[in-house]
Amino acid sequence: MLVVGLTGGIATGKSSVSTLLKAKGVPVVDADVLARQVVEPGTPALAKIVAYFGPEVIQPDGSLDRKKLGSIIFNDEAKRRKLNSIVHPAVRRAMLWGVLKHWLEGRKYCILDVPLLIEGGLWKWVGKVVVVYCSSDVQLERLMERDKSTREDALSRLNSQLPIAEKVQHADRVVDNSGSRKDLETHVDALVQSLDRDAGMTWRLSWLFPPWGLLSAILTLAWRAVSRSKKVKRA
């Protein structure tokens, strides 16, 4: 099964692309959704968070008080790293199970929707990387409109993140979201068609004969890791 990493920058429209893909029946494993699920009441990750940060990070209904936790880690890098060491492995395991579920269903490809796909290095472990892009000017305008923020605040948020132009350097496919909603729908249609072609028919062999699928995945990822590294260095 072809695993496709989907990412973008703040206010580029990644969530819109993900929603359109889901509407077309494309299986999507959403890292943001999983990040909330792995800390729900009764989960091992939540128990670890409480053990380290204390019961004050839990709301009366037993759920995680994200605002309180955020205030605790805001200016404490050590505590932020500790939180990440609890949550990130749980999210990665959940993503893996999500991918395996779609493989067991006989899907020929699935989407991994991960905001920090490039920053976290996960891009090296997917078959294709799709980046949702818009120009920096459009990105700034959309962010200001969405958050009702000043130009200075919006620029500060953009400058704190990896520039979208750098993410594009890692992309196998770029979805340009600089235009209208209809333009985006057209681009997503083209993306689905290209993924159908990329998946081809060999996915059936991989599904029917798992050892072949595993070997094929290892060889493919190794080859793409080398080729992408060369591409990024040239860029």
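1. Lys 148 is exposed, at a relative accessible area of 71%. Exposed means over 50%, buried under 20%, and partly exposed in between, using a 1.4 Å probe and protein chains only. Lys 148 sits in the loop between helix H6 (136–147) and helix H7 (151–159). Its phi is positive, near 55°, in a residue other than glycine. Most residues other than glycine have a negative phi.

2. Ground rules. This is a predicted model, in which local features need pLDDT of at least 70 and side-chain atom pairs count only at pLDDT 80 or more, while totals for chains, interfaces and linings use all residues. Residues are numbered from 1 along each chain as its sequence is written, and side-chain values use heavy atoms, with hydrogens and water left out.

3. The chain overall. The secondary structure comes to eleven helices and five strands. Helices (H or I, at least four residues) and strands (E, at least two) are DSSP runs, numbered from the N terminus. Of the 235 residues in the chain, 37% are buried. Among contacts with a separation of 6 or more, 73% join residues 24 or more positions apart. Contact means heavy atoms within 4.5 Å.

4. Helix H1, buried side. The buried residues of H1 are Lys 14, Val 17, Ser 18, Leu 20 and Leu 21. They cover an arc of only 165° around the axis, so they lie on the same side of H1. The arc is taken from the directions between the helix axis and the C-beta atoms. Their cover includes strand E1 (2–8), strand E2 (28–30), strand E3 (109–113), strand E4 (128–133), E5 and H9. After H1 comes Gly 25, with a positive phi near 85°.

5. H1 against H9. The axes of helix H1 (residues 14–23) and helix H9 (residues 181–199) come within 10 Å and cross at roughly 60°. Axes are lines fitted to C-alpha atoms, for helices over the stretch in contact, and angles run from 0 to 180 degrees between N-to-C directions. H1 and H9 are therefore oblique to each other. The scheme is this: under 35 degrees is roughly parallel, over 145 roughly antiparallel, 65 to 115 roughly perpendicular, and the rest oblique. The crossing is right-handed.

6. H1 supplies Ser 16, Val 17, Leu 20 and Leu 21, and H9 supplies Arg 181, Leu 184, Glu 185, Val 188, Leu 191 and Val 192. These residues divide into seven nonpolar, one polar and two charged. Ala, Val, Leu, Ile, Met, Phe, Trp, Tyr, Cys and Pro count as nonpolar, Asp, Glu, Lys and Arg as charged, and the others, Gly among them, as polar.

7. Helix H3. In H3 (residues 44–53), Ala 45, Leu 46, Ile 49 and Phe 53 are buried. Their arc around the axis is only 100°, which puts them on the same side of H3. The face turned away from that buried side carries the exposed residues Pro 44 and Ala 51. Helix H4 (66–73) and helix H5 (77–104) are included in what covers the buried residues. Gly 54 follows H3, and its phi is positive, near 100°.

8. What surrounds Asn 177? This residue lies in the loop between strand E5 (173–176) and H9. Leaving aside neighbours within four places in sequence, Asn 177 is in contact with Thr 12, Gly 13, Val 132, Tyr 133, Cys 134, Arg 142 and Leu 184.

9. Ile 164 lies in helix H8 (residues 164–168). At 7% relative accessibility, Ile 164 counts as buried. Leaving aside neighbours within four places in sequence, Ile 164 has contacts including Gly 8, Gly 9, Thr 12 and Gln 139.

10. Ala 11 is in the loop between E1 and H1. It has a positive phi of about 70° although it is not a glycine. At 16% relative accessibility, Ala 11 counts as buried.

Conventions. Left-handed = near helix turned anticlockwise from the far one by under 90°.
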